[in-house]
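Please work through the exercises below with the structure open beside you, and try each task before reading its solution.

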Amino acid sequence: MASIAEGATKGSAKLSRKAGQMAASYNAAKGRMVQGYQAAGFGPTRTQNYSSGINAAQYKAPDPAKWSRNWSAKMAE
């Protein structure tokens, strides 16, 4: 069985490898987010504000080192 440190290293490396894919998936989902919000029945002001916010949003990749620290701490509880 792998140690907590080994698991954290493996998970952190996987997160680092997937960073580009995660950003691409987020950007591809923006249209679905806007369509889903519009379908919820909110008025034109709310849907326009939401759409503007989603379209202006920039994906921020998670920090693998922070993920590793938090994961290790949780597994040690």
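Predicted model: local features only at pLDDT ≥ 70, side-chain atom pairs only at ≥ 80, totals over all residues.

**Exercise 1.** Determine in which helix the confidence is lowest and in which it is highest.

Solution. Begin with the protein as a whole, which averages a pLDDT of 95, with 100% of the residues scoring at least 70. Then turn to the helices: the lowest confidence falls in helix α1 (residues 4-39), with a mean of 95, and the highest in helix α2 (residues 44-56), with 97.

**Exercise 2.** Describe how α1 and α2 are oriented to each other, and name the residues that make the contact.

Solution. The axes of α1 and α2 cross at roughly 170° and come within 10 Å. Angles over 145 degrees count as roughly antiparallel, and α1 and α2 are therefore roughly antiparallel to each other. The crossing in which α1 passes α2 is right-handed. On the α1 side the contact is made by Lys-30, Met-33, Val-34, Tyr-37 and Gln-38, and on the α2 side by Arg-46, Thr-47, Tyr-50, Ser-51, Ile-54 and Asn-55. By class, the residues of this contact are five nonpolar, four polar and two charged.

**Exercise 3.** Describe the packing of α1 with helix α3 (residues 64-76).

Solution. Here the axes come within 9 Å and cross at roughly 145°, and α1 passes α3 in a right-handed crossing. From α1, the residues Ile-4, Gly-7, Ala-8, Gly-11, Ser-12, Leu-15 and Ser-16 meet a set in α3 that includes Trp-67, Trp-71 and Met-75. Sorting the residues of the contact of α1 with α3 gives nine nonpolar, six polar and no charged.

**Exercise 4.** Find how many aromatic pairs the whole structure holds, and characterise the one formed by Tyr-26 and Tyr-59.

Solution. In the pair of Tyr-26 and Tyr-59, the centres are 5.5 Å apart and the planes stand at 40°, a tilted arrangement. Locating the partners shows that the pair links distant parts of the chain, since Tyr-26 lies in helix α1 and Tyr-59 in the loop between α2 and α3, 33 residues apart.

How values were computed: Residues numbered from 1 in each chain as written. Heavy atoms only, no water. pLDDT = per-residue confidence, 0-100. Helix = DSSP H or I, 4+ residues; strand = E, 2+ residues; numbered from the N terminus. Axes fitted to C-alpha atoms, helices over the stretch in contact; angles between N-to-C directions. Parallel < 35°, antiparallel > 145°, perpendicular 65-115°, else oblique. Left-handed = near helix turned anticlockwise from the far one by under 90°. Contact = heavy atoms within 4.5 Å. Nonpolar A, V, L, I, M, F, W, Y, C, P; charged D, E, K, R; others polar. Phe/Tyr/Trp six-rings, centres within 6.5 Å; stacked < 30°, edge-to-face > 60°.
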